[in-house]
Amino acid sequence: MPYFGSEEMVKELKRALSNPNVQADRLRYKNYITKVIRYMTQGLDVSALFMDMVKASATVDIAQKKLVYLYMCTYASDKPDLALLAINTLRKDCADPNPMVRGLALRNMCNFRMPGMTEYIEQPIVAGLRDKASYVRRVAVLGCAKMHSLQPNTDIDGTIVNELYALLRDPDPVVVVNCLRALEEILKDEGGVVINKPIAHHLLNRMKDLDSWAQSEVLTFLLRYRPRSDDELFDILSLLDSFLQSAHAHVAVATLRLFLQLASAHPAVQADALLCTSAPLLATCGAASRELRFAGLCHVQQVMRSQPGLFGTHYKRFFCGYSEPTYIKFRKMEILVELVNDENVALVLEELRSYCTDVSPELAQAAIAAIGRIAQTYSEKCLDILTGLLALKQDHITSAVIQMFRDLVWFCPQSTAAVCQTVEACVDSPQDSEALLWLLGEHGDQISSAPYVMEGYIDGLKTELSSAVKMELLTASVKMFLCRPAETQDMLGRLLHYCIEEESDVCVRDRALLCYRLLQRGVEETRKVVTGPKSDPSMSVLTGRQEEPISQWASTFNTLGPLSGCDLCPQTAVISAADQPSSSAEKELLPESTDVTLSSPDDTEEEISLSLGPPLSHETFEKMWLDLEILQRQTMGFPRPRTALDTLQAALQLVKIQTLAFTPGATVPWKAYIYTRSTGTLILAELLQGDQHAPGIDESLVVSVKQQPVNQHAIRGFVSILKGVLQTLNVDSS
Amino acid sequence: MISQIFILSSKGDHLIYKDYHIIMKHFRGEASKDSINVFYEMVTALSGDQTPVVMVHLCSHKDLHFIHVRQGGLYWVASTKTNPSPFTIIEFLNRLAALTKDYCGSLSEKSVRMNFALIYELLDEMVDFGYIQTTSTDILKNFIQTEAVSSKPFSLFDLSNVGLFGAETQQSKVAPSVAASRPIMSSRGEQSGKNEIFVDVIERLSVVIGSKGVLMKSDIQGEIRIKCFLPTSSEMRIGLNEELSIGKSQQKGYSSAVRVDECRFHQAVKLDEFDTFRILKVCPSQGEQTVMQYQLCDELPCAPPFQLFPSVQKDYYIVTSQLLFFTFSCSTALNVSITVPVPKGSVSMSQELSSPDQTAELQPKNKALLWEIPRFPGGAQLSALFKVDVPGLSSASLLEVGPVSMSFELAKQTCSGLQIRFLRLAPTQTGLSQRWVRYVTHSDSYTIRI
């Protein structure tokens, strides 16, 4: 936040800090230092005071030291030459008899972000690792990780790694956990810290000494350990049993995740663990902190994917509190819909019914949608409620109810008669046009007033803005014409005339022309084309619900994945799933594992799934293509398929690869730009044939791949899929 | 692993900003501070149905996740580039807010602004390189040097707050409500440095009462919280009701036993005497901590605290009369507010209230009328008659009246019946220490269908 006169302020502070009178008065001096930090927090650039602050660091007042260090860490990289002056003081402090001063100095020295720091901090860190005060050891252990991150590309220092492994046996619990963290960072490229049997058992035995934060972190590290035998497995599980009931939600959930992973071959154990943790999970759903509530609800939803019955008796816990924020209420309603059964359906519906008149239209519509989903199983009760809501004559409610009617008719044909009756009664004030038109067109034979309602729409066509409504109106009118020709013929004619002659929207015009030509072919032909199935009960959401295996979601359990909500941002959930640093490391560490969740390396390329996602504009593509580096360039070894380019495009589309642009078939060099998405990354690629710069291979196709963010696994998968398609096409065309 | 921690005011001012991670240097300088602004823009642009707890900022290098909680009107935000446990981060941020409250006395923009040096110091010790080191006050107190600046405005009205929570000790003295909101580390020699310990039994009640007065859902989430100002910790024994039974299986006939469904304890609590004598032994560390959490579902040992007898008639106006009855005789309800939804398009309202201190107003924007009773004595009965003018009234409009929701605070009362029999400090404790036991019940959600 830039302030007016900030330069003046800095000058004034500088004057004050260098004033000997101020320096003599400790309290006043400290006040000025505090002021500097305050401005720094507000975003003001006070780096000009670096010299004065370095002077201020030579003090016995620890509180003042801390403030000055905070300042120096922030600006050290901007003023590396001045920061070197401070290092002497810091190194002197590292040898102070007071462990607090030693730790403080060491921690801050490691936080300096400037090149060449390593040579100054290496010796104090090594000394700190052997310090007799645990406070200093804690700092020194993390200092190793900081030192490594200063020069991420240098070789790993074997002696430090060994020392850190030895410090895993330290009596201080925080030192132990810090060692794990530091090793994880330093050995990131090699797959992180190795958890072998002695380390795992040592950690398990230390669990009781750790505080809750350390416990949940150690539990996460233990995820990568695989017990050698069932006996060992059950020993571990019984050691951890008490943590499932921990008062800290984060420990209970981390333990559950470990249970689910370790006992993946023992479904009964998994079920027991889930049952045990259901109490703490439910408690978080009612926690005072609403953020914690939300996290709890998201994880309950995940558990319910495999064990829908687990929370059945606790359905009342998911009734919404009136003061809860909307995003919590949405989750609760989603859960309630899943929990409905014969006993509680009346109560749940009554509860949902009371949300339908909520002041927030989004919430009301979500509640109606929830009732609509329950209606697919308990149609009678729900229809009464939905019909009752229509009487309120409020736009957002009516439109949501009609949409639900449409879905209901589609999924449960048996409720058609009842819905038609209701629609018949309420159509005097139609709101949601598309859903209503669909209902009228599809079931016009059962709604006596249908043609008149539709006529109202056709008469008001000039003022209708939405082209989707117009398209739906065309289809519905044609359908209506097929079952009630006498009443519809005239208005259909008017509608077609308007849409063909006066409509400016090309899509609507084309649809109208299509209808017109279809009708020219005769009624029977039209009937064959226009009328499809009137319902599809097989798609019903509730009846078709499958219990997923736990392994489907166990890997994202207790991560940000369930919280970031797939519907909100489609990429997020996938990213977090793919992004786990541990999973890839696990695979490399445990090649001999026979666990079902891990696939052998040969399968992984097949496993990759591509998706189209939202389309990319040419400009975006071009910008990204220029920004990114080529990650892989590969010669395919065969020429471009001799099929038509449309066929190529269609074939690529089939495997979810989108073609952005290509040069005409005969040009040399021939180029095509394609893109796709996979587990959170966007892959861009160029196909090139006949490159002048690389003569000799001009007959063969070259693919260059760029990607954001980088995921080599996805690239390999993409290239192999692409290769497969092109080869298939080649075989077909020859 | 946490990359940054920052605290923002509700207006987006930067109060505290700490960047832990060196990886951030990839977009250091202007951009690293920028992430605060990115966060604030994202959080203020959210509509009500979007989930603010986790937000993703897609940036060039690697996605930055923001996780935040709101406490005391402030945003407490952690950002991370990895995929950590959301429970850990959220609980940590809550703990940070609680510690800030312990150290600064209260939690507000002002207290954070005044004590920013102290909070930086706390953060420095709590998190190193993005890893949580410790959050225990016992350890932290050795390292924290800065003293809190307490922000207590002088106010004449403070006196009226005396006895907001009743205290039931042997002397039956009354602790002023503000007594517990002061910094745990106060400068020596001041009058505020009293050796005090507060044990609070706090229950949150969520109740749904059906249209015919039937109790449809009742749910109590309770906790015993200790706020300790003793300089040194020694073992304390907390005696609960001897007849307390836990779990459904132990219920014996129609005895008047106090029952909870399940309970969980802080890991420092020693339970060796709990099974036989219902005594918790704990060495409280300075500051606030929750020693026991319990919950009770569906079977309240007493009648719900409020009974509402509403009647709604459709006339030219909608007439609703509400008769509110407070069933607890020995307690007082404070800040009772009742929200009655009214049909859309209500324009005006006339009211008849049974006593002058009550207020009622129509809030057309929220489609509701708000009836407020600042103080509701035990066993009393209040009535109100509202006439709401709704143009274009139809019989369907009555559907929109209800459900009524209430919020209130009950002092000196727990709904589960859980009591603290005694509170004993170890005899080694030197100096005089004052012990306070307070009971309070909050309405988490109290809904009455019409």
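The model is a predicted one, in which local features need pLDDT of at least 70 and side-chain atom pairs count only at pLDDT 80 or more, whereas totals for chains, interfaces and linings use all residues. Residues are numbered from 1 along each chain as its sequence is written, chains are lettered from A and ligands numbered from 1 in the order in which they are written, and side-chain values use heavy atoms, with hydrogens and water left out.

The residue A:T59 belongs to the loop between α4 (50-56) and α5 (62-75) of chain A, helices being DSSP runs of H or I with at least four residues and strands runs of E with at least two, numbered from the N terminus. When neighbours within four places in sequence are left aside, A:T59 is in contact with A:Q64 and A:K65, contact meaning heavy atoms within 4.5 Å. Another loop of chain A, between α9 (134-150) and α10 (158-167), holds A:I156, which is partly exposed at a relative accessible area of 28%. Not counting residues up to four places away in sequence, A:I156 touches A:H148, A:V161, A:I186, A:L187 and A:E190. From A:I156 to A:L474 the separation is 318 residues in sequence and 70 Å in space, C-alpha to C-alpha.

Two packed helices are described by the angle between their axes and the distance between the axes. In chain A, helix α21 (residues 379-390) packs with helix α23 (residues 416-426) at an angle of about 10 degrees, the axes lying 11 Å apart; axes are lines fitted to C-alpha atoms, for helices over the stretch in contact, and angles run from 0 to 180 degrees between N-to-C directions. The angle makes α21(A) roughly parallel to α23(A), given that angles under 35 degrees count as roughly parallel, over 145 as roughly antiparallel, 65 to 115 as roughly perpendicular and the rest as oblique. A:L383, A:T387 and A:L390 of α21(A) make this contact with A:A418, A:V419, A:T422 and A:C426 of α23(A).

Over all chains, 29 aromatic pairs are counted, a pair being rings of Phe, Tyr and Trp (its six-membered ring) with centres within 6.5 Å, stacked if the planes are under 30 degrees apart, edge-to-face if over 60 and tilted for the rest. A:F621 and A:W625 form a stacked pair, at 5.9 Å centre to centre and 10 degrees between the planes. These two residues, A:F621 and A:W625, are 4 residues apart in helix α35 (residues 618-627) of chain A and so are separated by about one helical turn. A:F621 is buried at 3% relative accessibility, and A:W625 is buried at 13%. In chain B, the rings of B:F408 and B:Y446 form an edge-to-face pair, because their centres are 5.2 Å apart and their planes stand at 75 degrees. B:F408 lies in strand β23 (residues 404-411) and B:Y446 in strand β25 (residues 434-448) of chain B, so the pair ties together parts 38 residues apart in sequence. Both B:F408 and B:Y446 are buried.

A:K706 lies over the face of A:W625, at 4.2 Å from the ring centre, a charge sitting over a ring if NZ of Lys or CZ of Arg is within 6 Å of the ring centre and within 35 degrees of the ring normal.

Terms used. Buried < 20%, exposed > 50% of the residue type's maximum accessible area, 1.4 Å probe, protein only.
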